[in-house]
Structure formats: C-alpha cells, structure tokens
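Look at the sequence and the model below before reading on. The paragraphs that follow go from one residue to the whole chain and then to some of its details.

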Amino acid sequence: MRTVFDFSPLYRSSIGFDRLFHALEAANRQDPAGNWPPYDIVKTGDDDYRITMAVAGFARDELAITHEPNLLMVSGQQAGHDNGRYLHHGIAERAFQRRFELADHVKVVAANLENGLLTVDLKRELPEEMKPRRIEIATGAALPKADRPQIDTEKRAA
C-alpha cells in the first residue's frame, strides 16, 4: 500500500526547496518498469559512489548512459530479436530506462561493461568556492573603524 503525499502547501511557504520537493514526488511515483534491471548502489569512499546494474544479454552498443544536471539515465534497447521456437523464454529482452537523481556536483567518472554487469562510477566534486575554509583570527592591533557619521548629542531640538 502506497500513501500519496500532497506537497503543494509546502510550496507556498518555502523558497528554494523546489528541487527537494520534486525529488520527493519522483520517489513517490510508481515506476512502470518495476525493479528491472536490478541494480546496486555502493558508497566506495567519502565522495565516491558506484552503481552496478545487471544487464545480461545487452552489448555495449545497445546501452546508453546520459548525464544531465542532477540526473543520470541508463537505457538499453536490444538490436534484434531471435524468432526461434522457444520451449521456455525466461531471459528478459525488453528495453529499459532507469533514472537516478543525483545530488549537486556529482559527476560520472567512468562506465564499464563486464560479464553482464554495467558499473558506473560517480564522484562528488565540490568547487573550491563551496569548500569550507579556515578564517585566520588576527591578534593585536584592532581593525580600522569605518567612517560613520556621528550623531551630535549636544544639540537639542528647540
């Protein structure tokens, strides 16, 4: 059983959180493809991640990885279908499209297909201006005072 949340009241009273609400709404939506193909997401370091997808039966040229700002999309489309006379057909050959919401400043580093597993390595790289920096505290001489107009307390209203 899924519960549907209405985030519209929060849109009226919050500014700048649109992306967060869109991500919550996207997570709440039913995925028509279900859980295929299966995948793992592993944190391999402080700012490093790896997505591993089981894409058995797909060749490298039948897979596409697209990286847009805050979105990674992996899709697969097999070229030809074998019209043989199957007694049992259990290997999935259907096309798929899997979307991953990415945080800000997450970049795709590499992608590799080996033994039916597609691995996509990701890294979060903060720009220098966004990294925390240490501010030195000066001692001794005080900072120069700013030139501010003084209010003359000697004058009184008549």
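Is Lys43 buried, partly exposed or exposed? Lys43 is exposed, because its relative accessible area is 52%; buried means under 20% relative accessible area, exposed over 50%, and partly exposed in between, with a 1.4 Å probe and protein chains only. Lys43 sits in strand β1. Leaving out residues up to four places away in sequence, Lys43 touches Asp48 and Tyr49, where a contact means heavy atoms within 4.5 Å. The C-alpha atom of Lys43 is 9.4 Å from that of Leu122, although 79 residues separate the two along the chain.

Some ground rules apply here. This is a predicted model, in which local features need pLDDT of at least 70 and side-chain atom pairs count only at pLDDT 80 or more, while totals for chains, interfaces and linings use all residues. Residues are numbered from 1 along each chain as its sequence is written, and side-chain values use heavy atoms, with hydrogens and water left out.

Now the whole chain. The protein has 2 helices and 7 strands; these are DSSP runs, numbered from the N terminus, with helices being H or I of at least four residues and strands being E of at least two. Read from the N terminus, the order of elements is α-α-β-β-β-β-β-β-β. The protein has 158 residues, and 16% of them are buried. Its accessible surface is about 13400 Å², and carbon and sulfur atoms account for 53% of that; such areas come from the Shrake-Rupley method with a 1.4 Å probe, and for residues only the protein chains shown count as cover. Of the contacts between residues at least 6 apart in sequence, 51% join residues at least 24 apart.

The structure holds 4 aromatic pairs. Rings of Phe, Tyr and Trp (its six-membered ring) pair if their centres lie within 6.5 Å; planes under 30 degrees apart count as stacked, over 60 as edge-to-face and the rest as tilted. One of the pairs is Trp36 with Phe96, which is edge-to-face, with 5.7 Å from centre to centre and 85 degrees between the planes. Trp36 is in the loop between α2 (18-28) and β1 (39-43), and Phe96 is in strand β5, 60 residues apart. Phe96 counts as buried because its relative accessibility is 6%. Another pair is Tyr39 with Phe100: the ring centres are 5.1 Å apart and the planes stand at 90 degrees, so this pair is edge-to-face. This pair also links distant parts of the chain, with Tyr39 in strand β1 and Phe100 in strand β5, 61 residues apart. Tyr39 is partly exposed, because its relative accessibility is 36%, whereas Phe100 is buried at 7%. Ring pairs also join Trp36, Phe58 and Phe96 into a cluster.

Which residues line the second largest pocket? They are Ile41, Tyr49, Ile51, Arg99, Phe100, Glu101, Leu102, Ala103, Val106, Leu122 and Arg124. On a 1 Å grid over the protein atoms alone, a pocket is an open set of points with protein on both sides within 12 Å along at least five of seven lines, where a 1.4 Å probe fits, and lining residues have an atom within 4 Å of a point. The volume of the second largest pocket is about 260 Å³, meaning the space filled by probe spheres set on the points, which are joined across faces, edges and corners. Strands β2 (48-54), β5 (96-101) and β7 (117-124) each supply at least two lining residues, and β5 gives the most, with 3. By class the lining has 8 nonpolar, no polar and 3 charged residues; Ala, Val, Leu, Ile, Met, Phe, Trp, Tyr, Cys and Pro count as nonpolar, Asp, Glu, Lys and Arg as charged, and the others, Gly among them, as polar.

Asn70, in the loop between β3 (63-68) and β4, has a positive phi of about 65 degrees although it is not a glycine. Asn70 is partly exposed, with a relative accessible area of 22%. Asn115 also has a positive phi, near 55 degrees, and is a residue other than glycine. Asn115 lies in the loop between β6 (106-114) and β7 and is exposed, with a relative accessible area of 76%. Glu93 is in the loop between β4 (71-76) and β5, and is partly exposed at 25%. Glu93 and Gln77 are 16 residues apart in sequence, with 8.3 Å between their C-alpha atoms.
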